[in-house]
Every structure is written in C-alpha cells, then in structure tokens.
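Good morning, and thank you for joining.

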Amino acid sequence: MSGGAFTAFLESGVRFATPLAYAALGELVVERAGVINIGLEGAIICGAFGALIAAGTGSVWLGFAGAALAGVLLAAIFAFFVVTLKTDQIITGTAMSMLGLGLTGTLYRTMYGTAGASLHIATIAPAPVPGLSAIPVIGRAFFDQPVVTYALYAIVPALAWWFYRTTGGLALRAVGEHPEAARGAGISPSRVQWAALLFGGAMGGISGGTLVLAQVGTFAEGMSAGRGFIAIAIVVLGRWTPFGVAGAALLFGAASALQTLAQTMGWGMPYQLPLAFPYLLTLVLLASTRGRTASPAALGQRPA
Amino acid sequence: MNALARMVRSQAGASVIATLLALLIVTLVIAAGGYDIGHAATALWNGSVGSPYSFFSGTLVRATPLIIVGLAVAVAFQAGVLNIGAEGQLLAGAAAAMTAGLAMTGWPGWISVPAELIAGMLAGAACAGIAAVLKRSFGVLEVISTLMLNFVALYGVSYLVRGPLEEPTHTYPETLRLAESARLPVIIPGQRLHLGFIIAVVLAIAAWWFVRSTATGFRIRAVGAGAAAAASAGRVSVDRVVFGTFLASGALAGLGGGVQVTGVTYKLFELISPGYGYTAIAVALLARLNPLAVVVAGIFFGALEAGGAGMQRDAGVPAGFVYAIEALVILGVLAVDRVRTYAGAHSAPVAGERAA
C-alpha cells in the first residue's frame, strides 16, 4: 500500500470517528453518573433532524445548536422517566431509540414530503491547520478536518481534567460509584444524573449534527445507523476514561475506513470482518476484565 | 373509588390505558402534520382488519414473528434476564434455517422443514449462549454483550448473503429461494398465513402453562422477583435458572427467524428483520410478560404495522409513526406502572428488577 493510500485511510478513519467520539464522550459522562443510556441512538437521529431544521436558517452554527437542543429534548424525556420516575434504564432506553427513529421519520416525511431526498445543506469544509497539516502521513488525517473534529482535541483533555481535578467531576464519579455515600456528602444524585443526561443528550445531538452538517449534507431516515450502540461499545472499550474513549472511537473509525479500503484495494477479505471486529474486541475485553471491574459500580442500577 | 382507579389497578387495564395514551399522542401528531384523520383511520382499518385478506395475510402474518420473539423476550424478562439481543438471535436463526434448507434440497418436507426450524432454534440458542456464558463465567452484563452480538449477527448475515450463500448469478445480495417442499405450508388457501402462526399460538399456550404450573417455571419467576431471595431461600440455583432461561429465550428468538424464512420470505437477505427483536420488547411489556397476552399484543402490533403500511399507501401518512407508537406504548406502560406503585397496587415488576 502506498503512503498516499495510508494517509487517505487515516483521514477517513478520523472522519468516521468524529461523530462516534461525540456520542461516546456524552455517554461516558452519563455512565460515570451510574446511568446507561441505550437510547443514545435516538438522541443522535434527533440531533441530525434538529440540524436539518436549524440549518434552514442558513447558519451552520445554528444547525449545531439545533442538533444539540434536539438531543437535549430527547434526553430530558429519558431523564424524567429514569431519574425522576425511576423506571428501568434498559427498557426506557430501548423506547427512546424507537421514539427518536419513529418521530424523526414521521416528521421528516410530514414536513418535507417526498422532496426530502433532494434537500441539500451546505456543509462545513475541512479547515487545514497551517503547519500541522503538512506533517507527513498523519498531518492530513488529524489536521485537515472540519472544526468539529478539532473541538474534540480540546474536549477530551478538558473532560479528563474535569473528572479528576474538580469537585464537579468528583461528585459525578461519586454518584456513579456509590450514590448513597454521595447523598451522605450532601450531593443530590438525581440532580447530578439529570445534568449528566442532558450533557449526554447534547453530545449525542451534536454527533447527529456532525453527520448532517460536516459529512453527508442532508438528512436520511435512520441515518444514525447504529452509531448510538457503537458509542456504548466504545465507552466499554475505552475503559470509562476520556482518553480511552477517544482511542476506542478512533479504532472503530479505523475499522469503518478499513472496510472501504479493503473494497477499493480488492483485498480478498470479507469487508464485514473489520466492521464486526471492534464488537468482538469489546466482548473479549469485557470477558478478560471480568466484566465490570472498570465500570462505575452503580451502573445501570435503579435508585432506591 | 371509580372505574378509572379500578382500571389502573388491573394489569390489563394498565396496558389498555397506556395504549390509548400512545394512540392519542400519535393522532395529535398526525393531525398536526395536516393529514385527514378520518382518511388515515379508514386506511389503517382497511390495511389491518378491513378485509379477510388484510387480516390473514397482513396482520396475522406480521404478528407471527412478533409473537414468537415476544415470547422469547417475555420468558427472559420473567427471570430478570435483560436479553435485548433477540434481534441478533433471530438473524442467527434465520441464517441457520436457510442454510439447512438449501443443504436439504430434494428432501421430503416433513424432514426438511422441522430440520430447518430446529437449526434456527439451535443457532438462536448458541447466539444467546455466548452472552449467557459471558454472564455466568465472566460477569459480563448481558445488556452490553447481547447488544454487541446483534451487530456481529448482522454482519454475519451480510457476509453470508454476499459470500457463500449468494445466489449463483451474483446479481442480488440474497440467497436462492427455498424449494416448495422446504417451506412452511399455507394454512388458508388463497392467503399468505402459514403454519408458523399456529406454532406461535401453541408455543404461547405451552409457555403460559410452563411458567405457571411447573417447578422450573416457579423457579424462573422466583429468580426474576429477586435473585438473592431465591438463592437464600434455598433449592434455587440462580445461575442455572438464568443460564437455562437465556438459552430458551435465544432458541425462541432463533425459531422466530426460522419461521420467517420458511414461512414468509423463503430466502435470506440483509434486511430480513425490520427490527422484530426490538418491537418484541414492546410486545412483551404490553403483555405484562404473560405468554397468553403476548399473542394479543403481537396481533395488535401486527395490525398496527399492516395498517401503517396501508396508511402510507392510501393516506400518505409516514409508516415511521408505528415505531413512535411502539415507543410510546412502552413509556406508557412504564409510567402507568409507577403510578400504580405510588397508588400502592400490588403487582409484579414490569421486568429487569435488578438483583442488586
């Protein structure tokens, strides 16, 4: 394989990884608060739809705001059920995915009819970073991307700092590890979980917004295509840390890029293999760490 | 107190209230979208129950996999096993049934059809078995493992229909069709309804009797109600009950896939399941995990899906609304359940009451 092909592979890997990283970093915060949001898929597709509507104003940045808002709205429903009504997280999350997919599909057809397919939104173009994008091999992959990708380079270390160096991060982790102790320390677990879920919804929405505004340039029913579930795998594979999650998102992105590469290069490998590989890797990792050693202790438990 | 309070207190009443709420919300959405409600309702009726053909060949054909996979979910949830991998187990079952059917071309139907269905059940059980082993031996949460396995199964089917099982001309990513003899027979002449529906109903009755009247069924319910209590009360090996129920659930979901291939599609392709494994969760919850009620809930959702297709065809209402209804039904059941709890009604938990 030539150097050019490898650079192109890395570049598309980072492109595939960007929406995954947004969704997974949001889910990371949610899971650190002890909640597992299987309904992330719904937040992503709502974000994509919100981006479509808000981008109608002509501003890409309003598009991202609309994406985040749509994700937050769906997350608020989830939070109301799971945190306030204390319903089962898994079942409620499954319903949120179905609700997001069903609602956006219905609204899309209702608002745009059959003309939807011809809708085209201006996307944000890659903005090469002077100097850095000229680094051989990796320069174009990491520094000739849209601005949303660069934002991640700040969000990941900021999250890590926030988790481990601030009282807010400590409160979040305390709620996820031991809600009763957190309550004893004067922290309201339900308030922390509400906040975490709204943040996760916004990140999921931005993930969907990235698809529409930085990649595809239009909306399609079901275009989230399972990314919400991939993000949950990424959080597991990343061992519940911000840098781990960023690395795992890159791995899943690379797997998607490898699939494209294998097809264009005419390798004899079935293209489904790299796509299935990260899921298998996640299972093996879970088994090898005996399942839950790295996960927040109270993950998925219904508060008393 | 009054009729409404009595309704909230009864299990069936709670499901009815949740469903009516969901339908009301969706009606408002459709009306807000500027569609003619009367026209839409007529199309829904005509597409689902308005004629013998729409009922037998639309509603009941669509209900069949929902009932079988709904039973898979209900049985697992009864034991507190959160198997959300029914979709993957269904796909594994469909692929195995198809493989068996193609391998047995020329065999008499009374051998090949049961063999196909058994292959489907084994594959579904094997797929669930991976998650069951990971849970028992490595403590991996089944929610995450079954979710991962759904994707592995999806890519597995994709590989099969674009690789070893692809039809010989390599024009379409799908298998050859099953021979006539290798298909489930149609049970009403001139309709599409096949023997799979009878299988589904018989299974529901069997599961109802099993969970209600046998010692193993009692253990399943005991573990679901509280694993720690069941274990400390003695004589119940929680691990074994969870493991066995997980396999049985996978076998049922796999059978659902096998029935779909041998009774409806006659071939395997990537989109063979439009999310039956997820809709089945709504079916099981609406049925309050009661196997007999799964039949009713399955037919209700089958009617919605058949009617939804009719609504899209005749009234232009997007078919996606069916997913929204399903989601709202789940949320409605959950919410009504909480109200019941606050009101002090005694009832079994919906599902997934964790053994913490």
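First, the conventions. This is a predicted model, in which local features need pLDDT of at least 70, side-chain atom pairs count only at pLDDT 80 or more, and totals for chains, interfaces and linings use all residues. Residues are numbered from 1 along each chain as its sequence is written, while chains are lettered from A and ligands numbered from 1 in the order in which they are written.

Chain B contains 14 helices and zero strands; helices (H or I, at least four residues) and strands (E, at least two) are DSSP runs, numbered from the N terminus. The C-alpha atoms of chain B occupy a box of roughly 65 × 55 × 35 Å along the principal axes. Why speak of agreement with a compact globule for chain B? For 356 residues such a globule would have a radius of gyration near 21 Å, and chain B has 21 Å. That radius is taken over C-alpha atoms, and the globule rule is 2.2 Å times the number of residues to the power 0.38.

In chain B, 56% of the 356 residues count as buried, that is, with 20 or more other C-beta atoms within 10 Å of their own, the C-beta atoms being placed from the backbone. Of the contacts in chain B between residues at least 6 apart in sequence, 77% join residues at least 24 apart; a contact requires C-beta atoms, placed from the backbone, within 7 Å.

Turning to the contact between the chains, 42 residues come from chain B and 40 residues from chain A. On the side of chain B that touches chain A, α6 (109–138), α7 (142–162), α12 (276–286) and α14 (321–342) each supply at least two residues. The most comes from α14(B), with twelve residues. By class, this side of chain B has 32 nonpolar, seven polar and three charged residues. Ala, Val, Leu, Ile, Met, Phe, Trp, Tyr, Cys and Pro count as nonpolar, Asp, Glu, Lys and Arg as charged, and the others, Gly among them, as polar.

Within chain B, the axes of helix α5 (residues 86–103) and α6(B) come within 7 Å and cross at roughly 145°. Axes are lines fitted to C-alpha atoms, for helices over the stretch in contact, with angles from 0 to 180 degrees between N-to-C directions. The contact of α5(B) with α6(B) has 16 nonpolar, eight polar and one charged residues.

Finally, in α4(A), 21 of its 24 residues are buried, and Gly113(A), with a positive phi near 60°, follows this helix.

Methods: Two residues are in contact if their C-beta atoms, placed from the backbone, lie within 7 Å. A residue is buried if 20 or more other C-beta atoms lie within 10 Å of its own, exposed if 12 or fewer, and partly exposed in between; C-beta atoms are placed from the backbone.
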